[in-house]
Amino acid sequence: MGTTTTDALVIGAGAIGASAAYHLSRRGLSVVVVEQFDGPAEGSTGRSFASVRGQWADPLNVAVSWRSIEAFRDFPAEHGIDVGYVASGYLFLHGESTWDAARDAVELQRSFGVPVEVIDVDAAQELTPFEAGRIAGITWGPADGAVDPHGVTSAYLALARRNGADVRFRRPVTAVRPAGDDLVVEAGRDEIHAGVVVNAAGGWSGEVASLAGVEVPVHHSRRSIFASAARAVPGRRPMTIDMATGVFLRSEGERLLFGGPPSPRHLGYSTAVDWPWMEELLALGVESFPWLADLPLDRSACWGGTYEMSPDHQGILGRHPEVPALYNACGFSGHGLMQSPVLGELVAEDVVDGVITSLDVAPLRIERFADPGLDSTIGMTF
Ligand SMILES: Cc1cc2nc3c(=O)[nH]c(=O)nc-3n(C[C@H](O)[C@H](O)[C@H](O)COP(=O)(O)OP(=O)(O)OC[C@H]3O[C@@H](n4cnc5c(N)ncnc54)[C@H](O)[C@@H]3O)c2cc1C
């Protein structure tokens, strides 16, 4: 077994681990990344719907998401790498139950510089046709869109390597032991002694934390994405979500992709497509998008994956109170890709400076689950 000593060990080569590795190495730390699979973005990241949006209803999510979109947009100028950001837009269709909060959130979003408009049914129908009967209001974010999840992750890892980071694949972490204030991690045949261990293990973060003897409430939640046959839908549809049902869709290349709420039957990690769930999802989807009923599908282009869910569907960021050398950056519950640039920056700020002053991240502290009196009212997750 080879032994390495490093300032920071990052567990997980998904978007968040890769961004953390880059930002930690940029701040001058020696960094090792260990990943159980053969390559980057093999977990949730590579199975994402890849959408990004500044349309959130609480200041922290607006700030983290919007600054991250700016980072994706500026990647070519700043780093000479295109991570596939396209401003293809994001359309929210609201019913009565979510519209008041959504309308209020528009001002908040604009105060952070997010371009967002309230648009009428006719303008929205030009973008994506839908059943207008139940719609109380619509917002449109023209700078929201999509990125390339593999591109983002590979770019951050390449930049981290340029700063000297050591990225190791096929290294499943199987043990985490204390060594004074530091931790010793066994990953494959390697033993790594680290001052801080960043738990960026996505849906596996709870398992990684349990190796260190502590609890991190993150679990896999299965999702399936369905794809039309090529050229089945004329024109291009922006990301469109019907808030009443949770069904969402967008164009990707020549196909239309759609998905929705989790399959209620499955927990645990799986990349299999949940075909029986498709029938139920379509039944929901046609309520808002009746034309989905006639959409020819291409089974070979559909895919499955898992969200990394926390109990309140918000991420967990910060040192673990019981094992301070363990730094959690996990549980972003289906929005980790879009926030990965800023999350990596926040990890580095906290680890290197000892405190985060650039944003108030208190709502993301793990302590919120132990003490319901703490401010965990992070707001709506749309
Ligand atoms: C169908 C679907 C649609 C989604 N749509 C969106 C979207 O539109 N926008 C968005 O922002 N997000 C979306 N997400 C969520 C997004 O993919 C995640 O939030 C994000 O990728 C999380 O990144 P991560 O780096 O934390 O996790 P991951 O990408 O899962 O990376 C964690 C890594 O840790 C590794 N690992 C785990 N355990 C160990 C171990 N013991 N030893 C070594 N390595 C280990 C894993 O192999 C994995 O590669 C979607 C996810 C799915 C499945």
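Which residues in H2 meet which residues in H8? On the H2 side they are Val-64, Ser-65, Arg-67, Ser-68, Ala-71 and Phe-72, and their partners in H8 are Met-338, Gln-339, Ser-340, Pro-341, Val-342 and Leu-343. Sorted by class, this contact of H2 with H8 comes out at seven nonpolar, four polar and one charged residues. Keep in mind as you look around that the model is predicted.

Now for how that pair is arranged. H2 covers residues 59-79 and H8 covers residues 336-353; their axes come within 7 Å and cross at roughly 90°. Since angles of 65 to 115 degrees count as roughly perpendicular, H2 and H8 are therefore roughly perpendicular to each other.

Stay with H8 and turn to another of its partners, H1. These two helices pack at an angle of about 35°, their axes 7 Å apart, and the crossing is right-handed. H1 brings Ala-15, Ile-16, Ser-19, Ala-20, Tyr-22, His-23, Leu-24 and Arg-26 to the contact. From H8 come Gly-336, Leu-337, Ser-340, Pro-341, Leu-343, Gly-344, Glu-345, Val-347, Ala-348 and Val-351. The class count for H1 with H8 is eleven nonpolar, five polar and two charged residues.

Time to zoom out to the domains. The domain assignment gives domain 1 as 2-46 + 150-218 + 311-370 and domain 2 as 87-143 + 220-309. Their C-alpha centres lie 30 Å apart. Where the domains touch, twelve residues of domain 1 are in contact with seven residues of domain 2. The domain 1 side of that contact has three nonpolar, nine polar and no charged residues.

And where does the ligand sit relative to these two domains? Both domain 1 and domain 2 give residues to the shell around the ligand, so it lies between them. The ligand is surrounded by 41 residues, the closest being Gly-12, Gly-14, Gly-43, Gly-202 and Gly-336. The elements that supply two or more residues to this shell are helix H1 (15-26), strand E12 (219-227), strand E16 (303-309) and H8. E16 gives the largest share, four residues. Split by class, the shell holds 20 nonpolar, 16 polar and five charged residues.

Notes. Residues numbered from 1 in each chain as written. Predicted model: local features only at pLDDT ≥ 70, side-chain atom pairs only at ≥ 80, totals over all residues. Axes fitted to C-alpha atoms, helices over the stretch in contact; angles between N-to-C directions. Parallel < 35°, antiparallel > 145°, perpendicular 65-115°, else oblique. Contact = placed C-beta atoms within 7 Å. Nonpolar A, V, L, I, M, F, W, Y, C, P; charged D, E, K, R; others polar. Near = placed C-beta within 6 Å. Domains from an automatic or database assignment. Left-handed = near helix turned anticlockwise from the far one by under 90°.
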